[in-house]
Each structure stands twice: as structure tokens, then as C-alpha cells.
Amino acid sequence: MDFSNLVPVKLYCPNCGHKVTGYKDASGGTRITCDRCKVVMYSKLHTTKKETLIRVIAPK
């Protein structure tokens, strides 16, 4: 398995402010779970609008 194309993504959790790190997948999306509050974030860069959308899903 080739891991040379993994790009780390670092951001702060919008729920609690904890710094989290994830890796981009083949489609360019990043799925990160916060260790502190267990919020799941999915982010992806949309090149047509030149903006990054972050979807935040709260835990049950």
C-alpha cells in the first residue's frame, strides 16, 4: 500500500476548540473525529467556488 500521497490536514474543532489532525482521502475529502467531544467533521475543498465546506455532525 502506498502512503506517499497522504496529506495531513490540521484544524480546530468548531465545537470545543481542540486541535485535530486528519488525512485527505483519494477524493480530496477529510473525515476527522474530535478526541475530546466526539464531533465528526467532514471537509472538502470545492475548486469551482474556491471554498472549503465543513460539515459538523454532533454525537448522540
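The following questions and answers examine a predicted model. Residues are numbered from 1 along each chain as its sequence is written, and side-chain values use heavy atoms, leaving out hydrogens and water. Because the model is predicted, local features need pLDDT of at least 70 and side-chain atom pairs count only at pLDDT 80 or more, while totals for chains, interfaces and linings use all residues.

Me: How many residues does the largest nonpolar core have?
Reply: A nonpolar core is a set of buried Ala, Val, Leu, Ile, Met, Phe, Trp, Tyr and Cys residues joined through side-chain atoms within 4.5 Å. Buried means under 20% relative accessible area, exposed over 50%, and partly exposed in between, with a 1.4 Å probe and protein chains only. The members of the largest core include Ile-32, Cys-34 and Cys-37, and the number of its residues is nine.

Me: Which residue in strand 4 does Arg-31 stand opposite?
Reply: Strands are DSSP runs (E, at least two residues), numbered from the N terminus, and two of them pair if DSSP finds at least two bridges between them. Strand 3 (residues 29–33) and strand 4 (residues 40–46) run antiparallel and are joined by five bridges. The residue opposite Arg-31 is Tyr-42.

Me: Which residue in the turn of the hairpin has a positive phi?
Reply: The hairpin is formed by strand 3 and strand 4, with six residues between them. A phi of about 65° belongs to the turn residue Lys-38.

Me: Is Ser-43 buried or exposed?
Reply: Ser-43 lies in strand 4. Contact means heavy atoms within 4.5 Å, and, not counting residues up to four places away in sequence, Ser-43 touches residues including Gly-28, Thr-30 and Leu-53. Because its relative accessibility is 8%, Ser-43 counts as buried.

Me: What distance separates the C-alpha atoms of Asn-15 and Cys-37?
Reply: Asn-15 lies in the loop between strand 1 (8–12) and strand 2 (19–23) and is exposed, with a relative accessible area of 51%. Leaving aside neighbours within four places in sequence, Asn-15 is in contact with Cys-37 and Val-39. Asn-15 and Cys-37 are 22 residues apart along the chain, and their C-alpha atoms are separated by 7.7 Å.

Conventions: Helix = DSSP H or I, 4+ residues; strand = E, 2+ residues; numbered from the N terminus.
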